Amino acid sequence: LFFVAESAIIQISEAEAKKWLNKYNVDAEKYFFEATEADWNYNTNLTDYNLAISVSLFSNDLANFTETKAKEANKFAWKNFTDELLKREFSKITDIGPASLSDKDFQRMSTLNSDMTKIYSTAKVCNKPNDSSGKCYPLDPDLSGVIAKSNDLDELTWAWKGWRDASGKLMPDMYEEFVSLLNKAAKINGYEDNGDYWRSWYESPTFRKDCEDLWLEIKPFYEQLHAYVRRKLQQKYPKLSFPKDGHIPAHLLGNMWAQAWNNIEYMVRPAPDLPSMDITDELVKQNYTALKIFQLSDQFFKSLGLIPMPEPFWQKSMIVKPADRDVVCHASAWDFYNRKDFRIKQCTTVNMGWFMTTHHEMGHIEYYLQYKEQPINFRSGANPGFHEAIADIASLSVATPEYLKSVGLLPNFVDNPSGDLNFLMNQALSKVAFLPFGYMIDQWRWDVFSGQTPRSQYNSKWWQNRCKYQGIYPPVKRSEFDFDAGSKFHVPNNTPYIRYFVAHIIQYQFQEALCKAAGNTRPLHRCNVAGSKEAGKKLSELMTSGASIPWPKVLQKLTGTDKMSAKPLMAYFKPLIDWLKKENQGQKVGWDEKCPPGSL
Ligand SMILES: CC(=O)N[C@@H](CC(=O)O)C(=O)NC[C@H](CC1(C(=O)N[C@@H](Cc2ccc(O)cc2)C(=O)O)CCCC1)C(=O)O
Ligand SMILES: [Zn+2]
């Protein structure tokens, strides 16, 4: 009798809970929208006035609403609910992160976050070598441009060191206090520390180990790519003697963080006599504008039968750097949680990099559009890596010679085995060079959150990771007076990063499944799913579920397996892997785990 009575009580409270949820979701949209709008206004106009509004709307309103609702939700016996979806929604509503801090602590945390982001977004570097203009230069587009294009070692060192002095070096004390507040909130919510909280989004006790296993599976491939690139760079800079222990100087790889090596593609092209894969010249020649790139990207998603960018998107996005004010230039996609307003903010310039980034940001928007009818706590990726993989999936098609030719952007591609290798090398320089970087950022942060890395070791641990995983080293000696982690956007901005490592693995599992659905018969790396409604249908099924279904089930539905796997990535790059092994025969491969003597 008691059991019957108890289940009857649960039934009533489940019905009650559903009523409560309907009201909650209506209220939540209002708070989420206002906080997001205020955050957008600050990011697109970095004034103290906009900051004050953003912090107040975020901290006083949305955080308090979140906290109040978590308390109300916990009045239900939701853990005993029989309705899985209902239980899942309640578990998310009651897991409130930093909102569990006091108003004072939350405001302090928000202020630290926005102060560090502002330092990062407004930092400038002066005294450029051979430049008597007296000008000071920001990261976008100037310092990134020097690292991308210059071969002058003085200029490269000026930009590399200058950026770190102007950004990260000013932050370590703020970051230390920020970490203590994040950990305080995590502990209130029952987590060991903030890393434990962040990892909980992957709903898997073996997540950390799974990522390490994936890295170890990929590592031999990365070592081959690293060895080849190192040899080519040593030839390019004969006066610069690279350390015997195998590390590459971090400022020679064409990117401020050495996380993508496309800008030195011309030095490492397998068949140098064939034309480059870089479509920048073609974009400029055809008078492409930022808007035209956005419209072409929209066309790609529409060709899959997915949802076109809605009117407010075109009216309210910020697609180029404004001339009259300070903004956060780092690209981002925004969901305003009112099921109507979705925007991209980026400082587009017309080149291949921004062509790809635009497809990435629009991929996020497509995911927002697909799950917009979900309850608000299910409007996110099946896990954060899924959101980044979906954002990247377009690039696997739009980067192919097939697609670029179809839109008239690749006039002189020579389609033979050598041309194919050039294409694969270009893909590896962004997608494979990235893997150790994507893996190591949160390895460092998780150790900071757990206290394993104290303030006194922030920078030495950062470089130990950089030397160990990426096989690069600092061209200028580092110390604990530096804080190079702060010179990478996601650290001061507090955006978790392991999602990008996960995305760079699973996007190949996604692509393999989409290409199968599209009836592709070409090699995986030459598969372009544009125009395939069947591929679009598979993608849409994945995206509409948002975070309502545990990600292994979502992955299983699309790919047939519920586990992350590096096999599709290795299959995609097979021709290049074989070629690199031949090229590196008899050559040194790999590097010492420790940084070269004298670098720290
Ligand atoms: C409101 C909000 O924050 N929204 C989120 C989206 C969401 O969570 O809903 C968002 O827009 N985040 C911004 C971030 C921007 C970029 C980035 O930071 N990329 C990483 C790593 C990387 C490297 C290679 C690659 O191919 C893909 C990613 C880096 O540059 O280091 C820069 C250009 C590309 C993606 C992004 O879009 O992921
Ligand atoms: Zn993204």
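I began with R526, which forms a salt bridge with E402, the closest N and O atoms being 3.0 Å apart; by salt bridge I mean a side-chain nitrogen of Lys or Arg within 4 Å of a carboxyl oxygen of Asp or Glu. R526 lies in the loop between α20 and α21 (533-544) and E402 in helix α16 (residues 401-406), so the pair ties together parts that are 124 residues apart in sequence. Helices (H or I, at least four residues) and strands (E, at least two) are DSSP runs, numbered from the N terminus. I also looked up the cover over R526, which counts as buried because its relative accessibility is 3%; buried means under 20% relative accessible area, exposed over 50%, and partly exposed in between, with a 1.4 Å probe and protein chains only.

Before going on I noted that this is a predicted model, in which local features need pLDDT of at least 70 and side-chain atom pairs count only at pLDDT 80 or more, while totals for chains, interfaces and linings use all residues. Residues are numbered from 1 along each chain as its sequence is written, chains are lettered from A and ligands numbered from 1 in the order in which they are written, and side-chain values use heavy atoms, with hydrogens and water left out.

The structure holds 42 salt bridges, and one of them joins the side chains of D48 and K118 at 3.7 Å, N to O. This pair links distant parts of the chain, with D48 in helix α2 (residues 48-73) and K118 in helix α4 (residues 103-122), 70 residues apart. D48 counts as exposed because its relative accessibility is 58%, whereas K118, at 25%, counts as partly exposed.

I then turned to D562 and K563, whose side chains meet in a salt bridge of 3.5 Å, N to O. D562 is partly exposed at 32% relative accessibility, and K563 is exposed at 54%. I also found a network of salt bridges that links E29, R339, K372, E373 and R379.

**Ligand 1**

Which residues come nearest to ligand 1? Of the 18 residues around the ligand, they are H330, Y368, H490, Y497 and Y500, where a residue is near if one of its heavy atoms lies within 4 Å. I checked the oxygen atoms of ligand 1 and found a polar side-chain atom of Y497 at 2.5 Å from one, and an N or O atom in the side chain of Y500 at 2.7 Å from one. For the side chain of E361, the distance from an N or O atom to an oxygen of ligand 1 is 2.9 Å.

I next asked which elements build the shell: β4 (332-335), α14 (352-370), α15 (384-398) and α20 (498-517) each supply at least two residues, and the largest share, five residues, comes from α14.

**K588**

Last, I looked up K588, which is found in the segment after α24 (574-583) and counts as partly exposed because its relative accessibility is 44%. K588 and Q224 are 364 residues apart in sequence, yet 9.5 Å apart in space, C-alpha to C-alpha. Leaving out residues up to four places away in sequence, K588 touches A227, R230, K244, D245 and G246, contact meaning heavy atoms within 4.5 Å.

Notes. Polar contact = N/O pair within 3.5 Å; in protein donor to acceptor, adjacent residues only side chain to side chain.
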